[in-house]
Amino acid sequence: MRFDNGRQSSNVEDRRGSRGGGMRVGRGKIGIGTIVLALVAMYFGVDPSVVLNSGGGGSMVSNEPAREIPADDSQAQFISMVLADTEDTWSAIFEQGGSRYREPTLVLFSGATRTACGVGQAAMGPFYCPADQKVYIDLSFYDELRTRFRAPGDFAQAYVIAHEVGHHVQNLLGISDKVQSARQRMSEADANQLSVRLELQADCFSGVWAHHADRARQVLEAGDVEEALTAAAAIGDDRLQKQSQGYAVPDSFTHGSSAQRVRWFKTGLQSGSLKSCDTFNTRNL
């Protein structure tokens, strides 16, 4: 991505590097199997409270106040610039629609941290907590994205942030509340299907951001789109389930298949329109 002298967001909390005064989360150690299950169940989740509070891990939760991003931390600075670009893009889109965009906060943490949705742990991957309107990420996740999921690149990293910001947009528009309310009255299979539609819309919204960011500021470079598509495909429910248990169970999908995630990101990227992201009123996901 091309962020020539791009501004950094003022809405980043750096909670990394706790040196004590924290609290222990759980009593056991998080094994590989637990991490895989957490990724399958909660990957890019909107409401992580159930798993967040389940315990497990011996991770330390930081009590330290947020710090400024170190000048030599290029990855964190890049993420801050991505967040700033989403702020600029969504502010313009909301203004065109006659409303005001409320910017989310992005929290960088190591191991585990407190959230309004419970205790967030690195093993669950990035997530958005609607209760405090914050995106949480342990940057070690990007090592997992690059090595285990073979989805390297700066735009793959940007896609992750843009997806979570997409959940924030859904929260501001009242979509998340409606979905959560509807899910409580459904069977498990139907509730899962509604969650899939919510997640695919967030993928589409991330594409909408990329469309407008590139149109306004020419941020995309050769190969960037392919990086995002690789990342989207890598975290499809079908691929994750096959990696963890050898087969896929479509009725248990909560985020969409690899093909669906790729399709809806491309839909938002190509159209740049929120209307094109109506995943709730289409039979063809």
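**Ground rules.** I am working with a predicted model, where local features need pLDDT of at least 70, side-chain atom pairs count only at pLDDT 80 or more, and totals for chains, interfaces and linings use all residues. Residues are numbered from 1 along each chain as its sequence is written, and side-chain values use heavy atoms, with hydrogens and water left out.

**Entry: the sheet.** I looked up the strand order first. Helices (H or I, at least four residues) and strands (E, at least two) are DSSP runs, numbered from the N terminus. Two strands pair if DSSP finds at least two bridges between them. I found an open sheet of four strands, in the order S1-S4-S8-S7, with mixed pairing. Its edge strands are S1 (12-14) and S7 (127-129), and each pairs on one side only.

Next I went through the pairs. S1 and S4 (residues 105-108) run parallel and share three bridges. Here Asp 14 stands opposite Leu 108. S4 and S8 also run parallel, with four bridges. Val 107 faces Tyr 136 of S8. S7 and S8 run antiparallel and have three bridges. In that pair, Cys 129 stands opposite Lys 134. The hairpin of S7 and S8 has four residues between the strands, and Gln 133 takes a positive phi near 55° there.

**Entry: side chains of S8.** Which way do the residues of S8 point? Lys 134 and Tyr 136 point one way, Val 135 and Ile 137 the other way, and all are buried. Buried means under 20% relative accessible area, exposed over 50%, partly exposed in between (1.4 Å probe, protein chains only). I noted the general rule too: in a regular strand the side chains alternate between the two faces of the sheet.

**Entry: helices H8 and H10.** I looked up how these two cross. The axes of H8 (residues 224-234) and H10 (258-271) come within 8 Å and cross at roughly 145°. Axes are lines fitted to C-alpha atoms, for helices over the stretch in contact, and angles run from 0 to 180 degrees between N-to-C directions. The contact (heavy atoms within 4.5 Å) includes Ala 228, Leu 229 and Ala 232 of H8 and Val 262, Phe 265 and Leu 269 of H10. The buried residues of H8 also pack against H5 and H9 (237-245).

**Entry: helices H7 and H10.** The axes of H7 (residues 188-217) and H10 come within 6 Å and cross at roughly 35°. Among the residues that meet are Leu 200, Cys 204 and Val 208 in H7 and Trp 264, Phe 265 and Gly 268 in H10.

**Entry: disulfides.** How many disulfides does a search of the whole structure find? It finds two. A disulfide here is a pair of cysteine sulfur atoms within 2.5 Å.

Cys 117 and Cys 129 form one, with sulfur atoms 2.1 Å apart. The torsion about their S-S bond is about 95°, so this disulfide is right-handed. Cys 117 lies in the loop between S5 (112-115) and S6 (118-121) and Cys 129 in S7, so the pair ties together parts twelve residues apart in sequence.

Cys 204 and Cys 277 form a disulfide with sulfur atoms 2.0 Å apart. Its torsion is about -75°, so it is left-handed. Cys 204 is in H7 and Cys 277 in the segment after H10, 73 residues apart. Both of these cysteines are buried, and so are Cys 117 and Cys 129.
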